[in-house]
Amino acid sequence: MKVTLRVWRQKDGNSEGNFEEYQTEGLNPNMSFLEMLDVVNEDLTLKGEDPIAFAHDCREGICGTCSCMIDGKPHGPENGITTCQTYMRSFKDGDLITVEPFRASGFPVQKDLITDRSAFDTIMQSGGFITARAGSCEDANALPIGKEVADLAMDAAACIGCGACVAACKNSSAMLFVSAKAGQLNLLPQGQPEKDKRVLNMVATMDEAGFGNCTNQYECSAACPKLISEEFISKLNRDYVSASVKKLFKAKSL
Ligand code: FES
């Protein structure tokens, strides 16, 4: 198969970018989108041109590194998968495919399709952990956790921090990411002691990093490669109100 690629090229964060077109042919429909980019880059390198910069690591939907917009959708046309899990058979022979980086003020472009998503790391450092000594693995039944709660916490823990939620949101809100990362701990007994502090700190750090507010459009969960539910956002909002009220009463009683 052959496709025409319209790719965003940008030298660095200080340069202006523009779309460049590349013709491809002889592609195997069973190659992944990243393998197709590898082929294009091989040609560019042989011609002495600058290859298209794109981020990748695991190439199996685990690390969330391969984030980019394909035809205006984070990670491409299919639901519940990442760019590296997208195959060329998802496109038609002769298609024009537009590839660009995630667009959000919290994710500045570094080069071509690569964005700086370290703002997510900053949010995690502000509360996405527990400080309880973990030690060696506890006996499975020492701290019983109901299956429903355990399943829900696992659903939240599926977030790979790719940023598709931010890229899909018209407000560039990171609420789905923060709600999943806070929720995976807030749901479990181990996460209770620092729950209020965690929620207040992570939301404050998210705001400081320049992400927008959630206005309940739910584009985030529609674009999420791990299909994380927007219900985690409702839970985070409830936890945030509760923590804020407790903080206010505590301040008044001092
Ligand atoms: S390269 Fe790791 S999720 Fe795509």
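Helix axes are lines fitted to C-alpha atoms over the stretch in contact, and the angles between them run from 0 to 180 degrees between N-to-C directions. Helices (H or I, at least four residues) and strands (E, at least two) are DSSP runs numbered from the N terminus. The structure described here is a predicted model, in which local features need pLDDT of at least 70 and side-chain atom pairs count only at pLDDT 80 or more, while totals for chains, interfaces and linings use all residues. Residues are numbered from 1 along each chain as its sequence is written.

An automatic or database domain assignment provides the bounds, giving domain 1 (3–111) and domain 2 (118–253). The centres of domain 1 and domain 2, taken over C-alpha atoms, are separated by 30 Å. Across the boundary, 18 residues of domain 1 are in contact with 17 residues of domain 2, where contact requires C-beta atoms, placed from the backbone, to lie within 7 Å. The side of domain 1 that touches domain 2 comprises 8 nonpolar, 8 polar and 2 charged residues. In this classification, Ala, Val, Leu, Ile, Met, Phe, Trp, Tyr, Cys and Pro count as nonpolar, Asp, Glu, Lys and Arg as charged, and the others, Gly among them, as polar.

Next comes the sheet. Five strands form an open sheet in the order S2-S1-S5-S3-S4, and their pairing is mixed; two strands pair if DSSP finds at least two bridges between them. At the edges are strand S2 (18–24) and strand S4 (73–74), each of which pairs on one side only. Strand S1 (residues 3–9) runs antiparallel to S2, and 7 bridges join the two. Within this pair, Arg9 stands opposite Asn18 in S2. Helix H1 (residues 33–46) packs on the sheet, where H1 touches S1, S2 and strand S3 (69–70), and the direction of H1 makes about 90 degrees with that of S2. S1 also pairs with strand S5 (residues 96–100), this time in the parallel sense and over 4 bridges. Here Leu5 is found opposite Ile97 in S5.

Attention now turns to helix H5 (residues 175–186), whose axis lies 11 Å from that of H6 at a packing angle of about 170 degrees. H5 and H6 are therefore roughly antiparallel to each other, by a scheme in which angles under 35 degrees count as roughly parallel, over 145 as roughly antiparallel, 65 to 115 as roughly perpendicular and the rest as oblique. On the H5 side the contact is made by Val178, Ala182, Leu185 and Asn186, and on the H6 side by Lys195, Arg198, Val199, Met202, Val203 and Met206. These residues divide into 7 nonpolar, 1 polar and 2 charged.

H5 is mostly covered, with 12 of its 12 residues buried. A residue is buried if 20 or more other C-beta atoms lie within 10 Å of its own, exposed if 12 or fewer, and partly exposed in between. Among the buried residues of H5 are Met175, Phe177, Lys181 and Gln184. The cover over H5 includes helix H2 (118–125), helix H3 (147–157), helix H4 (164–168), H6, H7 and H8.

The loop between H5 and H6 holds Gln190, which counts as partly exposed with 15 C-beta neighbours inside 10 Å. Not counting residues up to four places away in sequence, Gln190 touches Ile130 and Ala132. The C-alpha atoms of Gln190 and Phe91, 99 residues apart along the chain, are separated by 45 Å.

H6 has a further partner in H8. The axes of helix H6 (residues 195–208) and helix H8 (residues 231–253) come within 9 Å and cross at roughly 105 degrees, and H6 and H8 are therefore roughly perpendicular to each other. From H6, Lys195, Asp196, Val199, Leu200 and Val203 meet Leu236, Asp239, Tyr240, Ala243, Lys246 and Lys247 of H8. The contact of H6 with H8 has 6 nonpolar, no polar and 5 charged residues.

Finally, the loop between H6 and helix H7 (219–223) contains Asn216. Phi of Asn216 is near 55 degrees, a positive value in a residue other than glycine. Asn216 is exposed, with 9 other C-beta atoms within 10 Å. Tyr218 also lies in the loop between H6 and H7. Its phi is near 65 degrees, again positive in a residue other than glycine, and Tyr218 is partly exposed, with 15 other C-beta atoms within 10 Å.

How values were computed: Contact = placed C-beta atoms within 7 Å.
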